[in-house]
Amino acid sequence: MKTSAEKNMWQPRIQSAIEKQREKDRYRHRVECQQQGSTIDIIVEGEAYLNFSSNDYLGLAHHPQMIKAAQMGAQKYGVGSGGSSHVTGYSEPLQQLEATLADWLGYDAAIVYPSGFTANQAVIKLMIERGDHLIADRLSHASLLEAAMFSEGRLYRYKHNDLRSLESYLQKVAVFETEIEQLEITDSKAELSRSNHEPSMASPHLNLVITEGIFSMDGDSAPLEEIAALAHQHQALLMVDDAHGIGILGEAGKGTCNHFGIHPDILVVTFGKAFGCSGAAVLMSQALADYFVQFSRPLIYSTAIAPMQAAILLAAVDIVRGETGMLKRIQLQRNILYFKSNFQKRMIAIESMLDDPSNLEPALPYLLESESAIQPLIIGKDTDALRLSAYLKDAGIWVSAIRPPTIPPNTARLRITLTADHTKEMIDHFLDALEAGITDLAINRAQSVSVIAE
Ligand SMILES: *Cc1c(COP(=O)(O)O)cnc(C)c1O
């Protein structure tokens with residue numbers, strides 16, 4: 001039941017926002033899944049689909065060892081932590097998980113948060129004070145950009161993976177450093193932050209460079225060696241969000257930073273992707289960890305992850321860095337290569353059917369250059385992406401269309417993800433449907449410019 005306040009105050013606002021979403025073909029649904037499947041069969045509205053949208057890259061969500069860890073964890077510890085880690089929530093498996101992660105990834109300390117979104121907010125909220133600068137890749141995840149936008153610092157977004165753009169911002173903020181800014185904090189936001197810790201106005205401003213290891217929507221990796229060198233040269237700190245690289249790249253799955261041989265000041269890893277579960281950890285120095293334990297509000301005022309979840313994640317770390325992880329990574333790489341090379345063959349077949357494919361407006365869909373499990377198929381128009389997604393759905397394949405504002409305008413895409421558990425037959429079936437769907441789209445576009453070969 002709507003209260004009159006809701007009716008009068010909120011309704012107009014809500015209505016116009018939602019109407020705009022619909023007009024732009026951006027209305028979002030949460031699809032109800034009866035079964036997520038071991039990355040393979042997703043059951044939606046009673047229908048089973050082959051899943052090519054899962055971030056469960058290694059198929060761990062349903063791995064027997066993970067399920068066993070969950071059962072044993074629940075038996076031993078129950079299902080909840082009972083409080084924040086500052087009260088009753090700092091369980092033995094959670095301590096062990098933090099120690100294991102720190103040791104594995106080569107840091108003094110790890111602090112676990114319930115999600116990657118929270119972890120990113122926590123880092124930026126705590127580290128960035130007024131006068132500081134955040135220099136983030138333009139395509140950084142919403143959790144990073146949102147935290148940066150609402151932080152007290154000034155946000156600069158450099159062009160995606162563009163070192164010259166990054167450097168120009170690093171030079172620009174260096175100029176600010178020399179100016180003495182008069183700070184007068186009077187607003188209530190500052191009061192709130194001051195109630196917990198005094199902004200350290202005496203210390204020099206901090207510049208924080210932010211990038212992802214592998215980008216969630218484009219699937220490409222950041223030139224981390226060069227970025228780390230630039231940050232170092234300009235005395236900026238570096239934060240890497242490796243949500244999609246951890247468990248996949250590097251020695252024994254240590255992630256993108258290990259792969260490129262760098263050690264960022266802050267490394268965020270998340271457990272909702274290759275680890276098949278959920279949660280996140282921030283890897284850092286001991287000094288920073290002490291600071292976080294004192295002042296990180298999302299840590300202090302939020303219920304710690306359940307000990308059983310920590311036990312599951314410990315099992316995940318074991319699997320990821322062990323032989324199973326290695327074999328799954330090899331299989332995943334095979335699947336990626338198989339999909340990419342065969343997709344190109346299918347596209348050549350489609351193009352040969354058209355008189356002059358370059359006439360098509362907009363052009364045919366194409367895969368972004370990516371070596372990772374994320375293979376974005378760029379379609380362009382939102383409606384076309386939805387159309388292709390629906391076509392695949394009819395063929396029993398689940399691939400979500402991703403539309404702005406998650407990604408830049410006119411780059412609506414299917415975010416295809418491959419996992420270690422996909423078989424060759426499954427990928428072939430997917431490619432058949434994709435070829436038919438793209439042909440359908442091409443014919444539809446060609447009819448308006450008539451480039452179909454006789
Ligand atoms: C998924 C993701 C997150 C959010 O992590 P959750 O644990 O799902 O909240 C943060 N950053 C990137 C790059 C991601 O892909």
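## Ligand contacts

In this predicted model, a backbone N or O atom of F117 lies 2.9 Å from an oxygen atom of the ligand. A polar backbone atom of G116 is 2.7 Å from a ligand oxygen atom. The side chain of H244 also takes part, with an N or O atom 2.6 Å from an oxygen atom of the ligand. Taken alone, the ligand exposes 380 Å², and the protein buries 83% of that area.

The ligand has 13 residues around it, of which G116, F117, D241, H244 and K273 come nearest. By class, this shell holds eight polar, three charged and two nonpolar residues. Helix α4 gives the most to the shell, with three residues.

## Helix α10

Helix α10 covers residues 286–295, and its buried residues are L288, A289 and F292. These residues lie on the same side of α10 because they cover an arc of only 100 degrees around the axis. An α-helix has 3.6 residues a turn, so residues three or four places apart point the same way. The face of α10 turned away from the buried side carries A287 and Q294, which are exposed.

Several elements pack against the buried residues of α10. Among the helices are α4 (116–127) and α11 (297–300). The strands include β4 (109–113), β9 (266–270) and β10 (280–284).

## Q286

Q286 lies in helix α10. Its relative accessible area is 38%, which means that Q286 is partly exposed. Not counting residues up to four places away in sequence, Q286 touches D108 and A109.

The C-alpha atoms of Q286 and A110 are separated by 8.9 Å, although the two residues are 176 apart along the chain.

## H63

Which loop holds H63? H63 is found between β3 (47–51) and α2 (64–77). Is this residue, H63, buried or exposed? With a relative accessible area of 12%, H63 falls under the 20% cut-off and is therefore buried.

Leaving aside residues up to four places away in sequence, H63 touches I319, T324 and K328.

Notes: Residues numbered from 1 in each chain as written. Predicted model: local features only at pLDDT ≥ 70, side-chain atom pairs only at ≥ 80, totals over all residues. Heavy atoms only, no water. Buried < 20%, exposed > 50% of the residue type's maximum accessible area, 1.4 Å probe, protein only. Helix = DSSP H or I, 4+ residues; strand = E, 2+ residues; numbered from the N terminus. Arc of directions from axis to C-beta. Contact = heavy atoms within 4.5 Å. Near = heavy atom within 4 Å. Polar contact = N/O pair within 3.5 Å; in protein donor to acceptor, adjacent residues only side chain to side chain. Areas by Shrake-Rupley, 256 points an atom, 1.4 Å probe, with all protein chains shown as cover. Nonpolar A, V, L, I, M, F, W, Y, C, P; charged D, E, K, R; others polar.
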